[in-house]
Number of protein chains: 2
Amino acid sequence: MEQNKELHLKFMQEALKEAAKAKERGEIPVGAVVVIDGKIVARAHNLTETLNDPTAHAEMQAITSATNAFGGKYLTDATVYVTLEPCAMCAAALAWSQVKTLVYGASDNKRGFTRFSPSLLHPKTEVTSGVMEEEAALIVKEFFKNIRER
Amino acid sequence: MEQNKELHLKFMQEALKEAAKAKERGEIPVGAVVVIDGKIVARAHNLTETLNDPTAHAEMQAITSATNAFGGKYLTDATVYVTLEPCAMCAAALAWSQVKTLVYGASDNKRGFTRFSPSLLHPKTEVTSGVMEEEAALIVKEFFKNIRER
């Protein structure tokens, strides 16, 4: 359990680095990494503005990238780390990918999938939330504060 | 209303052509077209096997393609025609795109978004269902029948 906690911190920090990259591009700062056998196999951040694509959330890019890398449709051995609670689209995408574990940082009380239904995820997916919650929430909060002050 | 019905039939036939293309590729046969001002601006079909990507549903490809074409994130003037009821992922993606109208053919009692929550769509999106329902259901039913008989 303690070992898991350390791993979660390590990989959430990597997801936060991705969120910082999104912020630099003027994107809502959300980042994700996909981990299989203790190694990062995909890194991604939100690119909705850059790509003019409302589906280009960090998780979607990460799933596409990881499945491309492995040439298979499923992520049954993977843990997806994402800084913010996935929205319904991303949760359902994670369900299609049959991801083994989802670890997220901050909750999203407006758009998070748990607002709709926790069953949007695959029934076998294990979920851990609140990892580096404060950091993950802060980067989003500051982003929107800066937008409002412009 | 009658005019709408004619248009719906016309464009659903185009979505069914896309579904037929998916079938030829060995993909679950679902097709979609995006229409703005009476013109098709994007056509797409399910490519999850071809791309090894569980997010590559017809609607996702169609949204990405249409928003790319217009250089904007939103589809507030668009009607999306899809042969099968969108899953939760696609419904939430359509919500992010703020699509004006969704027209679908057959219902999907196993994976359709209405199983989870009709509110996965954007509150302003108008929905019409059951257009060419039998054709849209038949192509999927036959696809799975053929798989089972292999």
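The structure is a predicted model, in which local features need pLDDT of at least 70 and side-chain atom pairs count only at pLDDT 80 or more, while totals for chains, interfaces and linings use all residues. Residues are numbered from 1 along each chain as its sequence is written, chains are lettered from A in the order in which they are written, and side-chain values use heavy atoms, with hydrogens and water left out.

The secondary structure of chain A comprises 5 helices and 5 strands, where helices (H or I, at least four residues) and strands (E, at least two) are DSSP runs numbered from the N terminus. Along the sequence these elements follow the pattern α-β-β-α-β-α-β-α-β-α. Of the 150 residues of chain A, 51% count as buried, a term that denotes under 20% relative accessible area (1.4 Å probe, protein chains only).

At the interface, 28 residues of chain A are in contact (heavy atoms within 4.5 Å) with 28 residues of chain B. The two chains bury about 2300 Å² between them, 66% of it on carbon and sulfur atoms, buried area being the accessible area (1.4 Å probe) that two parts lose on being put together, summed over both. In chain A, the residues that lose the most area to chain B are A:Pro54, A:Lys73 and A:Trp96, which together account for 30% of what that side buries.

The rule finds 2 salt bridges across this interface, a salt bridge being a side-chain nitrogen of Lys or Arg within 4 Å of a carboxyl oxygen of Asp or Glu. The side chains of A:Glu49 and B:Lys73 form a salt bridge, at 2.9 Å from N to O.

Conventions
Buried < 20%, exposed > 50% of the residue type's maximum accessible area, 1.4 Å probe, protein only.
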